[in-house]
Amino acid sequence: MFTEHRAVAQLRVLLVLLFGVLVMFQTFSLPGQFAHMAEESPDLAYLRWPMTAVSVFWVLCVQVVIVATWKLLTMVKNDRIFSEASLAWVDAILWAIAAGWVVLVGVLLYVGFNSDDPGLPLLLFLMSIGVAVLGLLMVVMRALLRQATTLRTDMEAVI
């Protein structure tokens, strides 16, 4: 129990740090990077705003996962993780992963049809597979959470 509470506290510190860094990326680094790219490569300047929007959207998806994870950690701390309310936060994680994956596949298709070099499309394909695996893993974890919630509810009804 003691190590569980320490792990939750440490994870929360890391989530706050990660969220803060992601906000900096969204507001400063990503827009600045694509503005610089547009100056250095005028022939690709038309991609500045789409690349900025897509990148900021992906960071937003990660931020949704962080907030939902925070809420789930609060439920773990309060011994309420095996409840219907926790499933809503897992659903938020699933929707964020699905939205990010759909946009990633769109980028993969665009780059794949317009690229001369196979390197970037292969990297995007690998990332698409990785995000799909993560999403499917979350579907399995959600099913396990639902089963555990049902079992706990049944046990509480018996007692």
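Here are a few questions and answers about this predicted model.

Reader: How does the radius of gyration of the chain compare with that of a compact globule of 159 residues?
Author: The C-alpha atoms fill a box of roughly 70 × 30 × 20 Å along the principal axes. A compact globule of 159 residues would come out near 15 Å, but this chain has a radius of gyration of 20 Å.

Reader: How far apart are the end C-alpha atoms of α4, and why does that agree with its 40 residues?
Author: Helix α4 covers residues 119-158. At 1.5 Å a residue, its 40 residues should span 58 Å, so the model agrees with a distance between the end C-alpha atoms of 59 Å.

Reader: Which helix do the buried residues of α4 pack against?
Author: The buried residues of α4 include Pro 121, Leu 124, Gly 135, Met 138 and Leu 145. Arg 142 is also one of them. These buried residues pack against α3 (84-114).

Reader: What is the area of the nonpolar surface patch made by Leu 134 and others?
Author: Leu 134 makes this patch together with Leu 137, Val 140, Met 141 and Leu 144. The nonpolar patch has an area of about 440 Å².

Notes
Residues are numbered from 1 along each chain as its sequence is written. This is a predicted model: local features need pLDDT of at least 70, side-chain atom pairs count only at pLDDT 80 or more; totals for chains, interfaces and linings use all residues. Side-chain values use heavy atoms; hydrogens and water are left out. Patches are made of residues with over 30% relative accessible area and no salt bridge: like charges are joined within 9 Å, nonpolar side chains (Val, Leu, Ile, Met, Phe, Trp, Tyr) within 5 Å. Accessible areas come from the Shrake-Rupley method with a 1.4 Å probe; for residues, only the protein chains shown count as cover. A salt bridge is a side-chain nitrogen of Lys or Arg within 4 Å of a carboxyl oxygen of Asp or Glu. Helices (H or I, at least four residues) and strands (E, at least two) are DSSP runs, numbered from the N terminus. The expected span of a helix is 1.5 Å times one less than its number of residues. Buried means under 20% relative accessible area, exposed over 50%, partly exposed in between (1.4 Å probe, protein chains only). Contact means heavy atoms within 4.5 Å. The radius of gyration is taken over C-alpha atoms; the globule rule is 2.2 Å times the number of residues to the power 0.38.
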